Amino acid sequence: MSEKKGPAEPAPGDGLRSLRTTGVFRAVNFELYAKPNAVIMAIGVVCILGATGYIAYMRSKYEGMGYYSAVQSDGTEVFTKKQSKWD
């Protein structure tokens with residue numbers, strides 16, 4: 001005799017994985033169904049911190065050389081050399 005299995009009971013902590021959804025929804029919202037990966041997360045955090053640190057370093061380097069950030073009329077930010085009004 002074959003026993004028909006019904007839908008599995010959701011376990012605590014399953015979250016959205018326990019709901020019935022379509023394949024399209026799962027493909028579009030992949031991050032809701034993927035299990036967290038600590039190694040990939042740590043690599044991502046290191047990369048973001050490295051990029052932020054590099055930007056802060058370069059900004060302080062330019063400011064130390066006498067440059068400052070100026071916003072042009074079209075909204076772009078440029079670094080220009082500080083000039084005296086006497087020049």
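**Salt bridges.** I searched the whole structure, a predicted model, and found one salt bridge (a side-chain nitrogen of Lys or Arg within 4 Å of a carboxyl oxygen of Asp or Glu). Arg59 and Glu77 form this contact through their side chains, at 3.1 Å from N to O. The pair links distant parts of the chain, with Arg59 in helix 3 and Glu77 in strand 2, 18 residues apart. I took helices (H or I, at least four residues) and strands (E, at least two) as DSSP runs numbered from the N terminus.

**Exposure of the pair.** I classed Arg59 as partly exposed because its relative accessibility is 34%, and Glu77 likewise because its value is 46%. Buried means under 20% relative accessible area, exposed over 50%, and partly exposed in between (1.4 Å probe, protein chains only).

Tyr68 has Thr80 as its bridge partner in strand 2. Five residues separate the two strands of the hairpin, and Gly75 in the turn has a positive phi of about 95°.

**Nonpolar patch.** I located a nonpolar surface patch of about 300 Å², made by Val39, Ile40 and Ile43. Patch residues have over 30% relative accessible area and no salt bridge; like charges are joined within 9 Å, nonpolar side chains (Val, Leu, Ile, Met, Phe, Trp, Tyr) within 5 Å. Areas come from the Shrake-Rupley method with a 1.4 Å probe; for residues, only the protein chains shown count as cover. Ile40 lies in helix 3 (residues 38-64) and counts as exposed because its relative accessibility is 53%.

**Basis.** Residues are numbered from 1 along each chain as its sequence is written, and side-chain values use heavy atoms, without hydrogens and water. In this predicted model, local features need pLDDT of at least 70 and side-chain atom pairs count only at pLDDT 80 or more, whereas totals for chains, interfaces and linings use all residues.

Notes: Pairing = 2+ DSSP bridges.
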